[in-house]
Structures are given as structure tokens and as C-alpha cells.
Amino acid sequence: MTIRHLTVFAAVAEQGSMSAAAKHLYLSQPTVSQAVRELEAHYNGLLFERLGKKLYLTERGKLLLPHAREMIRQFQQLEELMQNQGQSSTLKLGSTLTVGTCLTPSIILDLQKKIPDLDVYSFVTNTQNIEQKLLRSELDAAVVEGEIHSPDLVVLPIIDDCLVLAAGKKHPFYRRGRIHVQELNNQKFAVREYGSGTRQLFEDYTLRHDLKIRTAWEANSPQALLNAVLYNQMLSVMSIRLMHHEIRHRSVRVFCNEAGEWNRKFKLVYHKNKFLTPAIFELEKILHTYQQLELPSVMGVLEQE
């Protein structure tokens, strides 16, 4: 049994089929099948059973998977530690879409000023995908706005943020100073995709207040949502950090949540067993310099009562 066998086994468990695992690992399907057979022979029992076209873990496989992942993670950390000796250091940094749009470029510049030989790989997607990549050791650390659910990840809330309701000049809300929560009923909204922390926070809010909004736009691009507000009379709820330019030039009107239900933190996240490199420690220090949130002098108010 080798680390290669465990890597193939974990990939098959995560991908659900030999062919998908082979594609993920850039191996041939016979190579993947052979590795699984060898592992099953080594442990004297089946690790997968086939139901339809998909493979499912047996009880023996379920017992092995978390230990296999841990051994793979430790091996990757050892490789990283030894390969980086005397060479430039690397950081695989994940960001959720809001963070990646408004903060990540500046954070990476700050990191490279502090560690000139640092090689940063940046991956931007929604919170749900970032969480899975951290668990699979495909990222070293990440900065996210959504909720992290796995107990295997360390979550450090650092940067203040809040969502605001945004209305463009053509929307009736633009010239209002205050609007009531129930006025959001039946309004057309541009919203983020499923898996987004921003979307989850807003959906939780609509459920608490029994709101029935009309989802007219859906996108995984904050700029696409902002364009829908500016040009298509949509409302949207997004981070105020994404709209400093538009607020300053009065092309949008933003409304803060009176009860503070849209306040949140951007969080530094990494695996609890991650070897913390100097780059990760420096990343945490830099994030604290972005902690405070700059609010515009004039904002509308979304009332609860």
C-alpha cells in the first residue's frame, strides 16, 4: 500500500466513478481500476460497491477514507516543506467571489511586498467550492464571506463587511430615504448563484421576513449583478465594498439594514492540520489591515418596523 494507492482511492470516493477519478488525476481508467483492486486485495475486502453507474463506499471504505485523506494531506505537507527549502515559497490562496473582486488583488500585492519571492496561485469561486478544495488540500488557505460547515477547518473572522440593498437611478427606490422591508415583496432582484455566502445570507433574511421576491437575474459575477442594477432596474443585495465608485458618483442608492442583519465578517480559513507557513502567518497580519469598513456618509435605511 502506497500514497499513490490512497490518492487514487480518495479520488474515486470523491468523484463517484473510476472514469471521473482517472480524468481528475490525469491517469488512464485501467490504472485507476488496478490501484483500487490492489488496495482491496491489501485490505482483504471490497472498498466500493456499484449501484447503477455510480460507485459507493462500503463500510470498510467509509472507515478507510478519513484516514487516507489525512495521510495524503500529511504527505503533501512534507513534500511542500522539503521542496520549498532553499527555493521560492508558494501559497495557494482561495477567495470567494466578493473577496476576490474587491480585496484579493491588493492582498496579493501586500503579500509579495512582504515576501518578495512568494509565488501566489489564486483561485476564486463560491464558499461551497472553496470549502471542498480546502478539505482536499487543493488550497493552503482562503478568505471567504460565507459560512464554513466542516469541523476540520479553522475559521478566523477578521474583516468587517455588510450587505446593502442597491437600486439604480431608474428604480423607484433611488430617490427614497427609507423603505420598509415589506416593500421588497414582488420586487425583481439580481442574485448570486447557489453556494454563494452572499446569497445564503439574503435567502435566510427573506425567509425570516416571509418575503416573496422575484429572481430575474442570477449570476456568479458581482459585476454582472451590479450592471443589472445600473441598467436593468433590478434590485440587488451585495457587499458595500463592491460599490465604492458607484456610490461616490451617485449612480446607485444603497440602503443599510436597520437591524444589522446583513453585517458579517470575511474569514481566514485553513485546515486544522495544515502546516502554517510564514506566508499564511503574513496573510493573517495583512488581513487585519483591511479590518475596518468604510461607510458612505449618506445611505438610505431599510426599516424593519
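Strands here are DSSP runs of E with at least two residues, and helices are runs of H or I with at least four, both numbered from the N terminus. Residues are numbered from 1 along each chain as its sequence is written, and side-chain values use heavy atoms, with hydrogens and water left out. Because the model is predicted, local features need pLDDT of at least 70 and side-chain atom pairs count only at pLDDT 80 or more, while totals for chains, interfaces and linings use all residues.

Strand 8 (residues 188–192) runs parallel to strand 9 (residues 214–219), and five bridges join them; two strands pair if DSSP finds at least two bridges between them. Four of the five residues of strand 8 are buried, that is, under 20% relative accessible area with a 1.4 Å probe and protein chains only, where exposed means over 50% and partly exposed lies in between.

Turning to the whole protein chain, there are 11 helices and 13 strands. Of its 305 residues, 48% count as buried, and the C-alpha atoms fill a box of roughly 70 × 50 × 30 Å along the principal axes.

In soluble globular proteins, nonpolar side chains tend to be buried together. A nonpolar core is a set of buried Ala, Val, Leu, Ile, Met, Phe, Trp, Tyr and Cys residues joined through side-chain atoms within 4.5 Å. The largest such core has 23 residues, of which Ile 107, Leu 283 and Leu 287 touch the most other members. Elements that each supply at least two residues of this core include helix 6 (104–114) and strand 6 (153–168), and helix 11 gives the largest share, with five residues.

The largest cavity holds about 40 Å³, a volume being the space filled by probe spheres set on the points. Its lining includes Thr 98, Arg 192 and Pro 222, and strand 10 gives the most to this lining, with three residues.

Notes:
On a 1 Å grid over the protein atoms alone, a cavity is a set of points where a 1.4 Å probe fits but cannot get out, and a pocket is an open set with protein on both sides within 12 Å along at least five of seven lines; lining residues have an atom within 4 Å of a point.
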